[in-house]
Amino acid sequence: MRKKILAANWKMNLTQPEVKAWLHTYQTLDWSALNASLRVYPSAIYLQDIQRAGLHCGAQNVYFEASGAYTGELSIEQLQSVGVQSVLIGHSERRLLFKEDDTLVAQKVSACARAAFPFILCCGEAQDIREAGTHLANVLAQLSENLRLLSSADLHLLVVAYEPIWAIGSGLSADLDQITEMQQAIRNHLVELFGSAGHQVPILYGGSVNAANAEAIFSCPNVDGALVGGASLDPLVFHQLWKALQA
Ligand code: PEP
C-alpha cells in the first residue's frame, strides 16, 4: 500500500518569528496517523528549525553539482549534512521564474539518484496547454524527459506531484474529473516507463488545495496526498488538511 503524504511548500514566506509561532501551534495539535507522513519544505534558512521540531524537513531546491563555484546554490551533500530528508525538483515557479528547463531538472533527478536522496518531482501544464486539450501529452512528456536518467532501482526515491500551473496559488483548484484523468495517466505512464514498480510511486496533487476541497480531492483514485502552498502557512488550516487525508 502506498504511503500518503501531506507536504507543505512554504515558498518564500514566513519570518523566523512566524516559523517559531507555526511550530509552537503545530506542537499543540494531534498529528498522529496511520500510513501517512507530513513534510515541510521551508526556506533553506529554517530547515534546521523544522528538523529540530522532529518534522520531515525538505529543501525547496538543490543544485546537481556536488560542490564548487556556484554562488547561492546548495548541494545534496550539504543538505544531507544538516539532516535534510528530501527536496522539491521542477516546481513550476522554478521552471517559469528561474528558467529551469527539462535538461536541468533531469540532471537534478540524476544527482538525487546518485546520492540516494528522496525527491518530489513537480509537473503540470500551463493554462493555454489545458485549453488546447494537449495537457496529458504535455505532462507525460515532462515526466519522460525529467525521469530519463532515473533507473527502476532508484524509483523508491521518487514522489510525483501533479500541479496544474493555472491552479497554483489561484484559488481555482482543478476539478475532480480533471484530477482523476491526469493522476491515472501519470500512473499508467510510470508503469510504462518503469514496469510494475511504477505502481508504488506516490502521486500527489497540488494547486489551491484548501480545507473546503481537500477531502474530495483525496478521495480521487491515484491521489496519494498533496503538495500545499498557501493553505500550509497556517498550521490550523494545514491540520484540517491532515485530518482530511485520514478521512
Ligand atoms: C505549490 O506551490 O506547490 C502549491 C500547490 O501552491 P498553492 O497550494 O498555494 O496553490
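Modeller: The largest pocket has a volume of about 500 Å³. The model is predicted: local features need pLDDT of at least 70, side-chain atom pairs count only at pLDDT 80 or more, and totals for chains, interfaces and linings use all residues. Residues are numbered from 1 along each chain as its sequence is written, and side-chain values use heavy atoms, without hydrogens and water.

Biologist: Which residues lie closest to the centre of the largest pocket?

Modeller: A pocket, on a 1 Å grid over the protein atoms alone, is an open set of points where a 1.4 Å probe fits, with protein on both sides within 12 Å along at least five of seven lines; lining residues have an atom within 4 Å of a point. Here 18 residues line the largest pocket, and K11, Q60, N61, R94 and F98 are closest to its centre.

Biologist: What classes of residue make up the lining of the largest pocket?

Modeller: Eight are nonpolar, six polar and four charged. Gly counts as polar.

Biologist: How many residues line the second largest pocket?

Modeller: There are 19, with G169, S208, V228, G229 and G230 nearest the centre. The second largest pocket holds about 230 Å³ of space, and its lining has seven nonpolar, 10 polar and two charged residues.

Biologist: Is L97 buried or exposed?

Modeller: Buried means under 20% relative accessible area, exposed over 50%, partly exposed in between (1.4 Å probe, protein chains only). L97 has 59% relative accessibility, so it counts as exposed. L97 lies in helix α4, residues 92-97 (a DSSP run of H or I, at least four residues).

Notes: Helix = DSSP H or I, 4+ residues; strand = E, 2+ residues; numbered from the N terminus. Points joined across faces, edges and corners; volume = space filled by probe spheres on them.
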